[in-house]
Amino acid sequence: MARRKKEPKSVHRENIASAASELFTQKGIARTSMDDIAKAAGYSKATLYVYFENKEEIVGLLTLNSMKKLFGYIDSALSSKESTKTRYDLICRGLVRYQEEFPFYFKTVLDKINIDFEHDCLPEEKETYLVGEQINEKLKDFLISGIEKGDLRNNLEILPTIFNFWGMLSGMIGLAANKEEYIALSMGLSKSQFLEYGFDMLYYSIANKEN
């Protein structure tokens with residue numbers, strides 16, 4: 001215990017958040033109590049409140065972490081100098097890997113993000129918003145680059161396209177994860193085959209048909 005006390009505050013917060021993340025995945029946020037989190041993390045409840053005022057603050061940190069992880073996947077995919085279609089495929093594969101490795105994070109990214117910073121809010125909420133804006137800028141640059149190369153339609157409205165595609169891609173990935181057995185039985189497709197078909201269908205809905 002003495003050695004634990006000497007560790008930086010950030011280490012304790014990450015330990016607690018990690019334990020909470022597992023519980024949220026198993027039981028859901030609403031059904032997980034601070035007592036549950038304290039036990040899972042190996043802290044007393046009193047010590048838990050030294051590092052987090054409430055469960056909402058833990059959720060805020062996890063949401064921020066989720067956005068940072070997502071940014072990493074998107075940034076890695078778009079760092080490639082390949083063709084527009086190849087970079088798009090890399091984004092899709094990155095999102096699939098992200099969902100498979102971090103299913104809880106994948107869900108939290110889809111939750112409502114606070115944009116009202118004039119009133120009481122968690123420090124993590126504003127940072128989460130800013131990371132989300134960085135992701136949007138990355139995707140904006142990708143679309144503009146594709147348009148300039150003649151690979152994508154030149155009449156795309158950038159932000160609506162980003163949000164519609166994010167909703168469609170995330171919905172498809174979630175559906176494939178939840179309905180994998182049904183997809184195999186009813187369509188004779190593996191999850192990866194189903195997703196590849198869907199990803200291509202979405203891409204060619206915005207591709208420049210004259211190219």
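Tutor: Let us begin with angles: those under 35 degrees count as roughly parallel, over 145 as roughly antiparallel, 65 to 115 as roughly perpendicular and the rest as oblique. The model is a predicted one, in which local features need pLDDT of at least 70, side-chain atom pairs count only at pLDDT 80 or more, and totals for chains, interfaces and linings use all residues. Residues are numbered from 1 along each chain as its sequence is written, and side-chain values use heavy atoms, with hydrogens and water left out.

Student: Why are H6 and H11 called oblique to each other?

Tutor: The axes of helix H6 (residues 84-101) and helix H11 (residues 191-206) cross at roughly 135° and come within 11 Å. H6 and H11 are therefore oblique.

Student: What makes H6 meet H11, and which residues take part?

Tutor: Contact means heavy atoms within 4.5 Å. Among the residues of H6 that meet H11 are Tyr88, Cys92 and Val96, and the H11 residues include Leu195, Phe199 and Tyr203.

Student: What does Tyrosine 88 touch?

Tutor: Leaving out residues up to four places away in sequence, Tyrosine 88 touches Phe142, Phe165, Leu169, Phe199, Leu202 and Tyr203.

Student: Why is glutamine 99 called buried?

Tutor: Buried means under 20% relative accessible area, exposed over 50%, and partly exposed in between (1.4 Å probe, protein chains only). Glutamine 99 has a relative accessible area of 13%, and is therefore buried. This residue lies in helix H6 and, leaving aside neighbours within four places in sequence, is in contact with Phe106, Ile173 and Ala177.

Methods: Axes are lines fitted to C-alpha atoms, for helices over the stretch in contact, and angles run from 0 to 180 degrees between N-to-C directions. Helices (H or I, at least four residues) and strands (E, at least two) are DSSP runs, numbered from the N terminus.
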